[in-house]
Amino acid sequence: RDDLRGREPYGAPQLDVPYALNTNENPYPPSEALVKAVGEAVMDVAGSLNRYPDRDAVALRDDLAAFLNRDTPGAGLTGRQVWAANGSNEIIQQILQAFGGPGRTALGFEPSYSMHPIITGVSGTRWIDAHRDEDFGLAPERAVAAVAEHRPDVVFLTSPNNPTGTALPLEAIEAVLAAAPGMVVVDEAYAEFRREGTPSALTLLPGNPRLIVTRTMSKAFAMAGTRLGYLAADPAVIDALLLVRLPYHLSAVTQAVARTAVAHEAELLGSVDVLRRERDDLVAWLRAQGLTVADSDANFVLFGRFADRRGVWRSMLDRGVLIREVGPPEWLRVSVGTPGEMAAFRTALKESL
Ligand code: PLP
């Protein structure tokens, strides 16, 4: 497959270590009350598992629209503008199946989320590498020039970006939307962690039928195991996705658990402020060690620069701390954990430098 030549399969190591800080999960497990509520929700559907689930996940999509309207006042979304799938990875796959394909192209700005080019290749779409600025930002005029040169069918913008943590100003997104001939996807997997004053691309949805904003329950919502990703877009986009999705793609159990999660939003998102503070402390601490650190609006931090990145990563692992070798060659990424996990990370890093 030419579209996948030279690509590695997704491969974040899943190792049994004391401190797993490599996949940007929320480190706080569900409370006892939430575990009980999830159990009850599963019991409620268990008696009718002989039947297919609601193929269109209508109740869940209404709940998610209401959540997004609370997250971004003024978004004014209804369930008709929201779509859900098994993780935002499946959401991205469906977008590419609908709007990409052989003879079409998708463009992204590296370094960014590694699955965008991989899923693009899987769908037979040709990937075009464009680049972020030196500081991992994206100056609107550079972004517009790349889009104008290649005229891709799909543009990926990730904000806050993985693995750099950088959020994009709305002007950059608006400029790309104005220049792009096709769909513009803003992957907001880490949106809930953004710093004050960084607006979500959801505010741009009204009047922009080519904009798709993707979100996930895997990060701030602390529900990575549930596999629930979603998007907000014009209803015509969702009509296109209905053609490519597999029938009954979201199980009754997934829908029930995800609805329970939204109903417990206050508890689940309660950890976001704690994690943001922990992140800001971590950035300050890493800088105090004399390291180069990217600004972060997410629940992870990219830091460097190491001539022997593999050596530092390995030394951390030997001390029970699993971080991620990702992004440009001299950088490492650490997910924000609990205070105990961060203390272990700091000790191990000092010993490894
Ligand atoms: N988008 C970005 C930017 C991510 O970092 C991730 C996961 O790390 C995803 C999407 C996929 O998340 P999920 O499929 O768990 O919703």
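In which loop is Asn24 found? I looked there first. Asn24 sits in the loop between strand E1 (19–20) and helix H1 (32–46). I note that the model is a predicted one.

I checked the phi angle of Asn24 and found a positive value of about 55°, although Asn24 is not a glycine. Most residues other than glycine have a negative phi, and most peptide bonds are trans.

I found one between Asn162 and Pro163, with omega about 15°. Pro163 belongs to the loop that runs between strand E5 (154–158) and helix H6 (170–179).

I found another cis peptide bond between Gly304 and Arg305, where omega is about -5°. I placed Arg305 in the loop between strand E10 (300–304) and helix H10 (309–318).

**Entry on the annotated domain**

I looked up the UniProt record, an unreviewed entry, which lists residues 21–346 as "domain: Aminotransferase class I/classII large". In the model I found the end C-alpha atoms of this span 12 Å apart. I also noted that 41% of the span is helix and 15% is strand.

**Entry on the ligand**

Which residues come nearest to the ligand? I listed 13 residues around the ligand, and Gly87, Ser88, Ala189, Thr216 and Ser218 come nearest. I sorted the shell by class and got three nonpolar residues, nine polar and one charged.

**Entry on H5 and H6**

I turned to helix packing and began with helix H5 (residues 140–150) and H6. Their axes come within 9 Å and cross at roughly 20°. H5 and H6 are therefore roughly parallel to each other. I recorded the crossing of H5 and H6 as right-handed. From H5, the residues in the contact are Pro140, Ala143, Val144, Val147 and Ala148. From H6, they are Glu171, Ala172, Ala175, Val176 and Ala179. I counted nine nonpolar residues, no polar ones and one charged in this contact.

**Entry on H2 and H8**

How far apart are the axes of helix H2 (residues 58–71) and helix H8 (residues 252–263)? I found 10 Å between these axes, and an angle of about 25°. That makes H2 roughly parallel to H8, because angles under 35 degrees count as such. I noted a left-handed crossing for H2 and H8. On the H2 side I listed Ala59, Leu60, Asp63, Leu64 and Phe67. They meet Gln255, Ala258, Arg259 and Val262 in H8. The contact of H2 with H8 holds six nonpolar residues, one polar and two charged.

**Entry on H1 and H8**

The angle is about 145° and the axes are 9 Å apart. I marked the crossing of H1 and H8 as right-handed. H1 brings Ala37, Val38, Ala41, Val42, Asp44 and Val45 to the contact. H8 brings Ala252, Val253, Ala256, Val257, Arg259 and Thr260. By class I have nine nonpolar residues, one polar and two charged. I saw Arg259 of H8 here, and I had also listed Arg259 in the contact with H2.

Technical notes:
Residues are numbered from 1 along each chain as its sequence is written. This is a predicted model: local features need pLDDT of at least 70, side-chain atom pairs count only at pLDDT 80 or more; totals for chains, interfaces and linings use all residues. A residue is near a molecule or strand if its C-beta atom, placed from the backbone, lies within 6 Å of it. Ala, Val, Leu, Ile, Met, Phe, Trp, Tyr, Cys and Pro count as nonpolar, Asp, Glu, Lys and Arg as charged, and the others, Gly among them, as polar. UniProt positions are given in the numbering used here, feature names are shortened, and annotations may be inferred rather than shown by experiment. Helices (H or I, at least four residues) and strands (E, at least two) are DSSP runs, numbered from the N terminus. Axes are lines fitted to C-alpha atoms, for helices over the stretch in contact, and angles run from 0 to 180 degrees between N-to-C directions. Angles under 35 degrees count as roughly parallel, over 145 as roughly antiparallel, 65 to 115 as roughly perpendicular and the rest as oblique. A crossing is left-handed if the near helix is turned anticlockwise from the far one by less than a right angle, and right-handed if clockwise. Two residues are in contact if their C-beta atoms, placed from the backbone, lie within 7 Å.
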